[in-house]
Amino acid sequence: MRFGIVVFPGSNCDTDCNDLFSRVLRQETRFIWHGEKGVPSDVDVVVLPGGFSYGDYLRAGALARFSPVMTGVKAFAEAGGTVIGICNGFQVLVESGLLPGALRQNKSGQFICKSVFLRIENNQAAITAGYQKGQVISLPIAHGEGNYYIDPLACSRLIEKGQILFRYCTQEGALSDAANPNGSVEHIAGICNERRNVFGMMPHPERASDRLLGGTDGVRMFQSFLTTGGLRR
Amino acid sequence: MTPPKLAHPPFTDEEYAKVEVLLGHPPNPIEQAIFAVLWSEHCSYKSSKRHLKRFSTEGDRVIQGPGENAGVVDIGDGWVAVFKIESHNHPSYIEPYQGAATGVGGIIRDILAMGARPVALLNSLRFGPLSQSKNRYLFEQVVAGISGYGNCIGVPTVGGEVYFNDCYANNPLVNVFCLGVAKREEIVRSAASGVGNPVLYVGAKTGRDGIHGATMASAALDPTTSTRHNVQVGDPFTAKLLIEGCLEIIQSGHVVGMQDMGAAGLAGAASEMAARGGCGMILDLSKIPLREAGMASEEIMISESQERMLIVVRKGGEAAVSEICQKWGLNRAVIGEVVEAPFLTVMDGEKEIVRISTAALTSEAPLYDRPIAAPRFHEIIQSLNVEALMLPKSYTDVLRQLLLSPTLTSKEWIYQQFDYMVQTNTVAGPGGGAALIRLKGSDRALAMTVDGNGTYCLLHPYQGGAITVAEAMRNLVCVGARPIALTDGLNFGNPEQPETMWQMALCIEGMADAAREFAIPVVSGNVSLYNESKGLGVYPTPIVGMVGLVDQIAQRMTPGFKRPGEPIVLLGETLEEIGGSAYLKVIHHQERGFPPILNFGREKAVCQLVLEAIRQGLLSSAQDCAEGGWMVALAEACLLSSPPMGGVVAVDAGDVRLDAYLFGESQSRVLVSVPAESLDRLKQLAHEAEVPFYHLGTTDGDRLQVRLTKTGETIIDLTIEEMREKYRSGLGIAMANKRGMT
């Protein structure tokens, strides 16, 4: 499988993602520069990595949605291709309208970097198929704007359609304000679109891909994905 | 529009006269501005240079010592580590967010200018007590500034240290350490060479920010005047582009020399590059990308606008370099060329406006042998009547208070705001001992730490300086790393006061002696003077950033306990040393006495013992004893244990006062936990190394309990849960100002 990693000038997790896909998972990878107009035809999965796309002095991802590459990413998604946004990538997907909702500044007003616990809410999506429903995993977060918001009506639709993939929780899997690091509505950490080919999450699976760095829970997200084959466009 | 008039440069009469002689005429405004920044303390080291010569700068691994943008050491397999520490103290007081942010930006560019990719940042911070709202504001904004800049550029902030003390209230200290890695053959120097080679300007446009930043940093802070315009404004996004762009430019093979335009701006970069290469440089100001119209020539020359690099390129390489800049959206312009005559010539189009010998700006800068005198208060603050100190009623309460004090408490409130994981190499991040960064594709890891103790240095500058080096070494050793080199960040008061010079000279002597004894070369450094406000100087605060190497990452060591039922051992001797301790300050509200005495031989023996024990696989954990003594080290080993576990220990203080025994800060001690079957072997090794060995107790349960051997009386009893709660909430409580504490 070939992963296409989109590189905005301010992306800073692009090489980390590349390391996970190529070294750990032994898959083919290719960087897609933000100025490229389309997704190259040999790419099976598009990944939007973390970072600060164009500096994000405005709302995170607000400028990136206008970049040439996003036109291609939208077309790729509309054709059924798999798109995964991690952290800043999630912010870009939300700004681009490929995923619903918005990501606001963390409730604390501060950037937060730490490992958090996540509960698998739905394992019927390509990236969660390797986990059990209700399973608690640990992944790092590192963001200033990860406070997910969606209006109540749209939120109930998300729930109904099973689009919530991960929720912040305690080590035991309970939902609580203390375990919600950024104030997200419904403790939401990651979602997908209704068609389940576009995924967005604030946590960084690529940072939990090596026992040496404290965990491997992130690897399974992609291992399961590889066995299910993802969704080809 | 008439350009704003520059403040009169701070020359002494003698310096002004010397400028006149060197130029052969009275300096015009642009000459004055250029001389002022290059002859500033920050650029010329005029008060510190003769003392810095004490540092031993050579070693087998040293590829580049002091005198370049950063030091370079060999880390094996053709790779090198490039590192340096730099201060941004005055800007961080005037405009804390931008001051701290550009402090990060400045040191990043120093590392980048050597051709290395920055892979780790650490910081060393000093503020006034958090009981005052202004100090809370400065602290919060400095942390936010480091966070805002460091996170965006994608370089992990993996460690640091912070202290709070009255002496820093009007002059906080913000020192940032950066380490980069590069292939040995890709290292770039900052010397210009090759007559006719073009000089390229790359990066952000030049604006009016940071005018005379280096001069401001070289004078005392005057709270009555506004110096905000002296502070640079950072743009981390452009910094990220500059990192990627410059590394690609170096890869292209066209680069002759590179230097960042930071302190002293274009004038500094151009004259230093030319002087290092023994050549000259001609620049055309009309070619420089400007942010605003109407800037005076002197403003353009000395602006400290951020995210700019000066690059000498092999003739013919301009187009290729320009193309890389375009890819990364960086401004670039050929602004001059290298010439043979050793002069900095500045043109404005066809008109020559300045021609100064590069030597006049660099090697001819004044050098001072400033008078030195011990402060009158010295003997008074060194005296401490220990008998008059009441023994605490509850040692449990003492431990509680120490764990809550901002200086000793968990720094999670700070480091949670820093991305310490990006680049996915952080094997050990903030919150434990030294940081560890793996080198992808090898079994090795780099360990790094920053350490300083202003109180010790105030009470006894020589001991304080020496301990700073020893403490850093011990931190590295406790993660299983062999120290390979260090960088020094020297923060002192006004060098025109003989007492400050006395502090500086002795601190440097102590550091230099310790570093030589431990065979750790000094490869780079920074001097920040005039850290004073309203006539009051900060404590002498030298900081050491030290780098070590772990050969087998599988053998790294961590500070927390691992398994219940394992013996807890204290390696090293506990003396009745209470002077300058955190215990004395937090509990008895005194900062005085004689700091602990460092015995070089004992320190080496303890460190070698710990490294050997780790190599032989004898240890489960190792934690250095520093502020708060071995008792706080023990509490930390419990708090950092995984799974959470406590310990039961029994102590016999012998002739030593019990409070000094528990919380005193005797040097050269390491607290370890050991699998039971390895205990005898460790004891044997300690005996051979002539290192005292105390089997204190056992890891176990969910409490930390300390008993007296003789009476069986329990003197400390705390649940791990309560300790954790105290330890983690200290800074949060102080910032919420629920209780004013220092």
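Analyst: Let's start with the chain as a whole. In this predicted model, residues 24 or more positions apart account for 84% of the chain B contacts that have a separation of 6 or more. Chain B holds 25 helices and 28 strands. Its radius of gyration is 26 Å, close to the 27 Å the globule rule gives for 742 residues, so chain B is as compact as a globular protein of that length. As for burial, 60% of the 742 residues of chain B count as buried.

Now the helix, α10 of chain B. It runs over residues 265–277, which makes 13 residues. From its first C-alpha to its last it reaches 18 Å, close to the 18 Å expected at 1.5 Å a residue.

How many of the residues of α10(B) are buried? The count is 12 of 13, so to speak a mostly covered helix. Going along it, the buried ones are Gly265(B), Leu266(B), Ala267(B), Gly268(B), Ala269(B), Ala270(B), Ser271(B), Glu272(B), Met273(B), Ala274(B), Ala275(B) and Gly277(B). Glu272(B) is on that buried list, and Glu is classed as charged. What follows the helix is Gly278(B), with a positive phi near 65°.

One is residues 1–8 of chain B, which has 10 contacts in the model beyond near neighbours in sequence. The other is residues 738–742 of chain B, with 12 such contacts. For the model overall, the scores are ipTM 0.96 and pTM 0.95.

Finally, the partner chain. The contact takes 22 residues from chain B and 21 from chain A. On the chain B side, α7 (133–153), α9 (236–251) and β14 (426–428) each supply at least two residues. By class, that side of chain B has 10 nonpolar, 9 polar and 3 charged residues.

Terms used:
Residues numbered from 1 in each chain as written. Chains lettered and ligands numbered in written order. Predicted model: local features only at pLDDT ≥ 70, side-chain atom pairs only at ≥ 80, totals over all residues. Contact = placed C-beta atoms within 7 Å. Helix = DSSP H or I, 4+ residues; strand = E, 2+ residues; numbered from the N terminus. pLDDT = per-residue confidence, 0-100. Expected span 1.5 Å × (residues − 1). Buried ≥ 20, exposed ≤ 12 C-beta atoms within 10 Å, placed from the backbone. Rg over C-alpha atoms; globule rule 2.2 N^0.38 Å.
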